[in-house]
Structure formats: structure tokens, C-alpha cells
Amino acid sequence: MWFKNLQIFKLLTPFEQTPEALHEQLTERAARDCGSLELSSFGWQPPLGRGAELLTHAANGCVMICARREERLLPASVVRELLDEKIAALEEAEARKVRRKEREELKDELIFELLPRAFVKSSRHYAYIDTEANWLVVDASSAKRAEELVSLLRETLGTLPAKPLDVAQAPASVMTAWLNGAESSAEFLIQDECELRDTVEAGGIIRCKQQDLEGDELRTHLEAGKQVVKLALEWGERLGFVLSDDLSIKRLKFLDLILEEAASAEAEDAATRFDVDFALMSLELRRFIARLVETCGGLAEET
């Protein structure tokens, strides 16, 4: 349940629905098995898993939700190979060339035939709404995946005024200043990994791992005009992560101080353990996001 990536959205209006009311609305788009002729299905399932009933789980003013996607696995290479065989047999039998339009029609027919026999892959996507801080936090490694969940939530609720987190100072400028020697917040400690890019389109990219980021070699690239677009950091000896210039958080790790707190809390069953871990995680991330925003000059002004 511990999130591994963060895509953060700012709620533009307070989220005032109770967890119970939100559960009722989510049932309108509850997850279901992918139909035999469907490529995919996407809906809400209980955060605690299929054995649970509630589609929400609340703690500390935060409400966890979970979307389940089912996809039929139909590799393009398989479709292409079978289609080529079918076309070759047809051309040989009728002594004619299969044209583009007919090829597309044959492809559609083939997919229709194959779908019911395709394997189904299931994946879960978690997010939570912080009703006190007005954040929507999605555990997704890409903005596209996060937006898919946000779009599903928006469609389910009818409206959801929210936008990706935006701050007053560009994160790339802040991170570049840190590597250029500017004093960073004592809470954010630079680690041994970063990515630099030229500011011009199609410019060069430098990726460093397990390297001293204060060395002369890296400073030379910074003096040449490259900016830091990814930087490995540690926050308050509690979180380790890679910060990107779009404010997404990758490879998030909760460090020993947090994990020890979680381990020390008694949990009689899986549901209680989930509740304890979610409470700890959401409180920690509330503090972390607030400090990250403050370090980047606060929220950007509305235009």
C-alpha cells in the first residue's frame, strides 16, 4: 500500500463529500470483469481488495480510493503474424492483391475472433484525497497514468476542479541552484543521482548515478547552461525520492524512521494494518508536500 510514486494535483475547491457519500458515487462506476469482446475495463474497487465492501477508506482527513483496470492481452506482433498468414492465403486462393481497406477490415475481424481467447491482465491504481490540505495524490509513475485515474474520478463525480501541482519557482531552477552551490533547505539532502539537460530543444542530456554531484565535472555542465531536471534527494531522514522538474516524485522510499513507527503499531489483521500504514503515510506526505511547495516559493498564483 505504501506509495512508490507521486503525481500531485491541487484541488481548486474544497472536497466536502464524506467518505460514505463518495462511496455511493463510486459504486456507479464500480470495477467489473472485462467483457469477452472488450479490450479493457476500468472502474473502482475497494482499496482493501475484492473481499472488502467499501470503495473508500478514510484516515486523518484523507480518503483512499482504488481503480482496477483489466486489459485483454493481444500483442500486436501476434495479430500482425496471423493477419499476414490470412492475407497470403487469400491472395493465393483468389489470385489477387488484398488492398489496404480490405486489409483493415480483415484485421478488425481477426481481432474480434481473438479477443474472447486473449488472456486478461488486472492492475490496481491507488490515490487518495487529502481533504484538509486539498491535494489529490496518485501513485503513478507517469502523468498519463495519473490523468487516467483523475479522468475516471471526474467522470464519476460529474466534476472535479483539480490541476497538476504548480509552484512559483520552477523546480528545475531550484534544483540547478542547489547543485550550483546555493544553500538548500537543511531538510532536503542531495544524494548521488541527477539528470541534466540543455535548455535548447533537442539539446544534450547528462545522467549521473552513484557520483559525487559536487565535483568539477558536473559544475562544468551547469556553467555551460544545462539545468537539473531530476535530482535524488532525502527529506528529513524520513523519505528518499527522485524529484523531477514537473514536480512528480519517482522511486519514493519511506525510510527506517517511518517503517519503525509502522512496525511498532499493533495490527490484528490486514485491514487494521492497512489503516495504520495509510494513516502514517498520509500524515507524512501531507507534511512533505507542504515543505516541498514552500521550498519552491509556494503555490503559483492563479491566472
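Predicted model: local features only at pLDDT ≥ 70, side-chain atom pairs only at ≥ 80, totals over all residues.
Trainee: Why is the pair of Tyr 128 and Phe 278 called edge-to-face?

Mentor: The ring centres lie 5.8 Å apart and the planes stand at 70 degrees; since rings pair when their centres are within 6.5 Å, and planes over 60 degrees apart count as edge-to-face, the pair is edge-to-face. The structure holds 8 aromatic pairs.

Trainee: What makes this a link between distant parts of the chain?

Mentor: Tyr 128 belongs to strand β5 (residues 119-130), while Phe 278 belongs to helix α8 (residues 270-295), and the two are 150 residues apart. Both Tyr 128 and Phe 278 are buried.

Trainee: How do you know that Arg 69 lies over the face of Phe 42?

Mentor: Arg 69 is at 4.1 Å from the ring centre of Phe 42, and the distance cut-off for a charge over a ring is 6 Å, with a limit of 35 degrees from the ring normal as well. Lys 10 likewise lies over the face of Trp 135, at 4.8 Å from the ring centre.

Trainee: Why are helices α1 and α4 called roughly perpendicular?

Mentor: The axes of α1 (residues 19-26) and α4 (residues 143-157) cross at roughly 95 degrees and come within 9 Å; angles of 65 to 115 degrees count as roughly perpendicular, and α1 and α4 are therefore described in that way.

Trainee: Which residues of α1 and α4 meet, and of what classes are they?

Mentor: Leu 22, Gln 25 and Leu 26 in α1 meet Leu 153, Thr 156 and Leu 157 in α4, a contact with 4 nonpolar, 2 polar and no charged residues.

Note on methods. Residues numbered from 1 in each chain as written. Heavy atoms only, no water. Phe/Tyr/Trp six-rings, centres within 6.5 Å; stacked < 30°, edge-to-face > 60°. Helix = DSSP H or I, 4+ residues; strand = E, 2+ residues; numbered from the N terminus. Buried < 20%, exposed > 50% of the residue type's maximum accessible area, 1.4 Å probe, protein only. Axes fitted to C-alpha atoms, helices over the stretch in contact; angles between N-to-C directions. Parallel < 35°, antiparallel > 145°, perpendicular 65-115°, else oblique. Contact = heavy atoms within 4.5 Å. Nonpolar A, V, L, I, M, F, W, Y, C, P; charged D, E, K, R; others polar.
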